[in-house]
Amino acid sequence: MSVKAVSLIAPKWTSKKLGNCGVFKYFEPIRTKNLTMEMEVFPEMQLINLYKDDSHIGRRMFSFGDDAITEIDVEIFNPENRKQGLGKLFQSLSGMLMKENNAKAMQCYSAVPSAIQYHVNQGFKPVFNNKDTALSSLDKVTRNTGEKFAELAQEAKELLKKSYSKDGFSGTNDFLNTTGEFFERYIDMLNKNKIKCTDISFPLGMDIRMTTGELVKNKEAYNEILRKEGINYCI
C-alpha cells in the first residue's frame, strides 16, 4: 500500500575523507515533520543522531571500511521512545548510506531476538564467526518440541553430532556457514508460521549481515519506511 505524504524531503549529500578508507558520503541534516536526522563523521566512527522536539532520542554508531558498514552500537534513549520503529528507520537510513557509498554489505550484532527475526525477513542473513556460538545456538533449537519444529530440531541435532565427528565438516568455516544457512531457514519457518522467537527457545543474540543484492531485493520495504518519515529517497 502506498503512503501519502504532503511533502517529501530529498536528502542532500556531502562527503569527507576517512583516512585510508577513502571518501565517505553522508547526508546533511534532514528535518521532517516528526524528526530531525543528523550525522557526525569521524575517521574511526560515524553516527546517525535522531532528535524530536530538540530532544536527542537515539543514535546509531557504525564504522565504514573494507566496503562495508559495520554497526558498533544502537541506543534509544528513554523507554517511551522504544517500540516506535526507530530501529527500522536507522536500518533504512543506513541503507541509503550503503547505496551512496557503494558498500558491499551492512553487518551488525542484534541482541534482541525479535529484531533478529525482523531483520532476516528484510534481507539480513545470520552469520556465525566462532564455533562455540554456533554450537550453543543449535542447542537452543533442539529444545523446541512440537510438529512444526520436529524436522529442523532433528537437523540441528544432526549438525551438532556432525560437528564433533572426525568425518564431519571439512573445517570450521564449513560448519559456521552451514549453521548460518540453517538459521536462515529456521527463522523463515518461524515467520511463515507466525511464531515469535520470544515464545520459544532461541539464541539471545546473533550476528547478521546484508549484501547489496539483498538490499536491492528488499528495497521497497526500506523505501516505504523512508516515505512514512517524509524522506524522498529510493534505494
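**Exercise 1.** In which handedness of crossing, left-handed or right-handed, does H3 pass H5?

Solution. The model is predicted. Begin with the axes: those of helix H3 (residues 131–142) and H5 come within 10 Å and cross at roughly 35°. The crossing of H3 past H5 is left-handed. Next, list the residues that make the contact. H3 contributes Lys-131, Ala-134, Leu-135, Ser-137, Leu-138 and Val-141, and H5 contributes Phe-175, Leu-176, Thr-179, Phe-182, Phe-183 and Tyr-186. Sorted by class, the contact of H3 with H5 has nine nonpolar, two polar and one charged residues.

**Exercise 2.** State at what angle H1 and H7 pack, and classify that angle.

Solution. H1 and helix H7 (residues 219–228) pack at about 110°, and their axes are 9 Å apart. Angles of 65 to 115 degrees count as roughly perpendicular, so H1 is roughly perpendicular to H7. The crossing of H1 past H7 is left-handed. On the H1 side the contact is made by Lys-88, Leu-89, Gln-91, Ser-92, Leu-93 and Met-96, and on the H7 side by Tyr-222, Ile-225 and Leu-226. By class, six nonpolar, two polar and one charged residues make up the contact of H1 with H7.

**Exercise 3.** Give the strand order of the open sheet of eight strands, and find the strands that stand at its edges.

Solution. The order is E3-E4-E5-E6-E7-E8-E10-E9, and the pairing is mixed. Strand E3 (30–31) and strand E9 (125–127) stand at the edges; each has a single partner strand, so one side of each lacks a neighbour in the sheet. Within the sheet, strand E5 (residues 46–52) and strand E6 (residues 55–65) pair in the antiparallel sense over seven bridges. Leu-50 stands opposite Gly-58 in E6.

Then place the helices. Helix H1 (residues 86–100) packs on the sheet, and the strands that H1 touches include E3, strand E4 (36–41), E5 and E6. The direction of H1 makes about 135° with that of E5. Helix H5 (residues 172–192) also packs on the sheet, touching E9 and E10, and its direction makes about 140° with that of E9.

**Exercise 4.** Describe the hairpin that E1 and E2 form.

Solution. Strand E1 (residues 13–17) and strand E2 (residues 23–27) pair in the antiparallel sense over five bridges. Trp-13 has Phe-27 in E2 as its bridge partner. Five residues lie between E1 and E2 in the hairpin. In the turn, Gly-19 has a positive phi of about 55°.

Conventions. Residues numbered from 1 in each chain as written. Predicted model: local features only at pLDDT ≥ 70, side-chain atom pairs only at ≥ 80, totals over all residues. Heavy atoms only, no water. Pairing = 2+ DSSP bridges. Helix = DSSP H or I, 4+ residues; strand = E, 2+ residues; numbered from the N terminus. Contact = heavy atoms within 4.5 Å. Axes fitted to C-alpha atoms, helices over the stretch in contact; angles between N-to-C directions. Parallel < 35°, antiparallel > 145°, perpendicular 65-115°, else oblique. Left-handed = near helix turned anticlockwise from the far one by under 90°. Nonpolar A, V, L, I, M, F, W, Y, C, P; charged D, E, K, R; others polar.
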